[in-house]
Amino acid sequence: MSFKVNDKITWVGKIDWELRKFHGDEYSTHRGSAYNSFLVRDEKVVLIDTVWQPFAKEFVANLKKEIDLSKIDYIIANHGEVDHTGALPELMKEIPNTPIYCTKNAIKSIKGQYHEDWNFVEVKTGDILDLGKNKITFIEARMLHWPDTMFSYLDGDNILFSNDAFGQHYASEFMFNDLVDQSELYQEAIKYYANILTPFSKFVERKIEEILKLNIPVDLICPSHGVIWRDKPLQIVTKYMEWAKNYKENQITIIYDSMWNATRIMAENIAQGIRETDPLANIKLFNSANSDKNDILTEVFKSKAIVVGSPTINKGILSSSASILEMIRGLEFKEKKAAVFGSYGWSGEAVKMLTELLKEAKFEIAQEGLNILWKPDEEGLIKCVEFGKSFGEKVK
Ligand code: FEO
């Protein structure tokens, strides 16, 4: 499959409808993904990015149907990660001397992954590749989301090839933002930002400001995953600016795990207390053992505060609580508050441990944790509601 983006540009990537896990098992892709690769035909011909390795042979075979490979003058690798460079080994067997334009860090990462010394051409911000009628300008975009990432901007057509930035893990045969279901698109775009770009928000903010100052026209944004932004393309840039600034809505997310329901009952009564204090707060509850981790992280991203609960087991916390808290720590959320709770039978270390883990994740602990012996009785339930009320007040 291929399609024309415009008279000059052809999409030659792969839509992966089957994909359900990405980055190993770290990122759920409920709606699949697309690896976008673009063939730009000017007086010179350039291929921008490739696809993930399992589709390498298919990619090269399809590309051959589109063009005599010897006619490709240049390859641009905006980013070295395997979902975009995975077809290079197969492609370079056919056109081994074709120059690959990329950043210094991308040369390191591509060499480190494939152990090949291809004809790399190192580029920096402001370097230009002249295609004849139009030119491509390179813009390094360090930590969006790897040190090697860059954008490529094609003048004349005013297209920003932004690689991972502004992408979504979202398979669609439509491939343009104005044609797809807008709520699905929003959900996949915010999940992608929350789970991949949150730790790099400062870099996102600075890079967008830098590009806006250049005052260059942008008619299309072509990310390397998901749909192309052609209708009001800057809408996703505006969203990224909003998300990059310690984004939060009036939402409180309660994340718990439970062995015999005592901690679940606590969670539900804490939710009731919060609701009594702030009826307009969007309160969501997730059992981390049976909910999708990346969906929970997206909700944490949207939250002003979270409440985390686990019973005590073996002087510690349940494994799903440990897992989600490790993911939360890694995403380096800012300006969010938290509280913790849990039931216990005899030793009761979970509350202390959860508190420490959330402090390490840089959450502000709004109040002392609630530890309840065995299953909450009437008095225990009142304590949970009061705990929720007090927390609701503190995060209002
Ligand atoms: Fe960072 Fe889509 O790879």
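Helix α5 (residues 182-197) packs against helix α9 (residues 293-302) at an angle of about 85°, and their axes lie 9 Å apart. That makes α5 roughly perpendicular to α9, a label for angles of 65 to 115 degrees. Axes are lines fitted to C-alpha atoms over the stretch in contact, and angles run from 0 to 180 degrees between N-to-C directions. Helices (H or I, at least four residues) and strands (E, at least two) are DSSP runs, numbered from the N terminus.

This is a predicted model: local features need pLDDT of at least 70, side-chain atom pairs count only at pLDDT 80 or more, and totals for chains, interfaces and linings use all residues. Residues are numbered from 1 along each chain as its sequence is written, and side-chain values use heavy atoms, without hydrogens and water.

From α5, the residues Q187, I190, K191, Y193, A194 and N195 meet N294, D295, L297, T298, F301 and K302 of α9. Contact means heavy atoms within 4.5 Å. The contact of α5 with α9 has five nonpolar, four polar and three charged residues. Here Ala, Val, Leu, Ile, Met, Phe, Trp, Tyr, Cys and Pro count as nonpolar, Asp, Glu, Lys and Arg as charged, and the others, Gly among them, as polar.

The structure holds three cavities of 30 Å³ or more. A cavity is a set of points on a 1 Å grid where a 1.4 Å probe fits but cannot get out; lining residues have an atom within 4 Å of a point. The largest cavity has a volume of about 40 Å³, the space filled by probe spheres set on the points. Its lining includes N36, F38, D49 and C222. Strand β15 gives the most, with three residues.

Technical notes
Parallel < 35°, antiparallel > 145°, perpendicular 65-115°, else oblique. 1 Å grid on protein atoms, 1.4 Å probe; cavity = no way out; pocket = protein on both sides within 12 Å on 5 of 7 lines; lining within 4 Å.
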